[in-house]
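Me: Could you help me read through this structure? I'm new to this, so please take it slowly.

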Amino acid sequence: MRPLCLLLAASLLPAHAAQVPVPTPTGGIPAGATVARHEGPNLTVQTTAPAREGWLTGLRVTAGGTTRTFPAWRTISNPTFWPGLSVTDLGGDARPEVLVTLMTDEGTGVAVYDARVLSLPDLREWPVTPPVPYLRQQVRFGSNTLTLPGRSVKLPHCRACVARRPASAIRSAGPCRGAA
């Protein structure tokens with residue numbers, strides 16, 4: 001009986017692999033291609049238009065019997081950087097939400113993602129505060145301090161300061177001047 005189970009499992013592998021979009025004759029990703037999938041709960045993200053100039057613009061998310069289209073969503077069309085899907089409780093209310101991560105830029109050693117949060121089961125989008133403006137509002141930098149709401153942290157001097165001065169001089173010294 002085991003060989004039959006293995007054979008059945010092996011026969012399902014090509015069907016799952018076949019869900020990867022097949023490029024069009026011009027090398028693009030066609031409209032309706034599935035670019036992300038999550039199981040338990042079952043979710044899919046599909047393109048609404050063919051890839052154009054390295055971008056997938058407009059994505060459709062389906063969860064159970066609910067489908068929503070997000071025409072303004074955009075992500076890099078390279079399959080290596082297709083959207084990520086996670087289902088977890090982001091709101092702290094013991095109900096799971098969907099986190100969709102869209103890669104919006106990349107370079108050597110850099111990846112920029114756009115986080116989108118959807119409620120289940122209706123797939124309504126939550127507003128997400130962009131992290132950089134939020135951090136600029138919440139974090140203040142002093143010469144050797146980092147101040148967060150309700151907390152201030154003294155920062156260590158840089159290696160250049162430590163190398164130039166003895167420890168007793170660093171403790172009493174003013175702001176770190178780096179390599180100056």
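Me: Let's start with the surface: how much accessible surface does the chain have, and what part of it belongs to carbon and sulfur atoms?
Reply: This is a predicted model, and in it the accessible surface of the chain comes to about 12000 Å², with 59% of that belonging to carbon and sulfur atoms. Of the 180 residues, 24% count as buried.

Me: OK, and how many helices and strands are there?
Reply: The chain has 4 helices and 11 strands. If you look at contacts between residues at least 6 apart in sequence, 25% of them join residues at least 24 apart.

Me: What's the strand order in the open sheet of 4 strands?
Reply: The order is 1-2-3-4, and the pairing is antiparallel. Strand 1 (34-38) and strand 4 (66-76) stand at the edges with a single partner strand each, so one side of each has no neighbour in the sheet. Neighbouring strands in this sheet are turned against each other by 20° on average, when direction is ignored.

Me: What actually holds strands together in a sheet?
Reply: Strands of a sheet pair through backbone hydrogen bonds, and the pairing can be either parallel or antiparallel.

Me: Then how many bridges join strand 2 to strand 3 here?
Reply: There are 5 bridges between strand 2, which covers residues 43-47, and strand 3, which covers residues 55-63, and the two run antiparallel. As one example to find on screen, threonine 44 has threonine 62 in strand 3 as its bridge partner.

Me: Switching topic, which elements have the lowest and the highest mean pLDDT?
Reply: Helix 1 (residues 2-17) has the lowest mean, at 30, while strand 4 has the highest, at 96. Over residues 1-20 the pLDDT is below 50, and this stretch has 4 contacts in the model beyond near neighbours in sequence. Where pLDDT is low, the predicted coordinates should not be read in detail.

Me: And what does the chain average?
Reply: The average pLDDT of the chain is 78, and 72% of the residues score at least 70.

Me: Which residues does glycine 32 touch?
Reply: Leaving out residues up to four places away in sequence, glycine 32 touches Gln46 and Thr47. From C-alpha to C-alpha, glycine 32 is also 8.1 Å from proline 50, although the two are 18 residues apart in sequence.

Technical notes
Residues numbered from 1 in each chain as written. Predicted model: local features only at pLDDT ≥ 70, side-chain atom pairs only at ≥ 80, totals over all residues. Heavy atoms only, no water. Buried < 20%, exposed > 50% of the residue type's maximum accessible area, 1.4 Å probe, protein only. Contact = heavy atoms within 4.5 Å. Areas by Shrake-Rupley, 256 points an atom, 1.4 Å probe, with all protein chains shown as cover. Pairing = 2+ DSSP bridges. Axes fitted to C-alpha atoms, helices over the stretch in contact; angles between N-to-C directions. pLDDT = per-residue confidence, 0-100.
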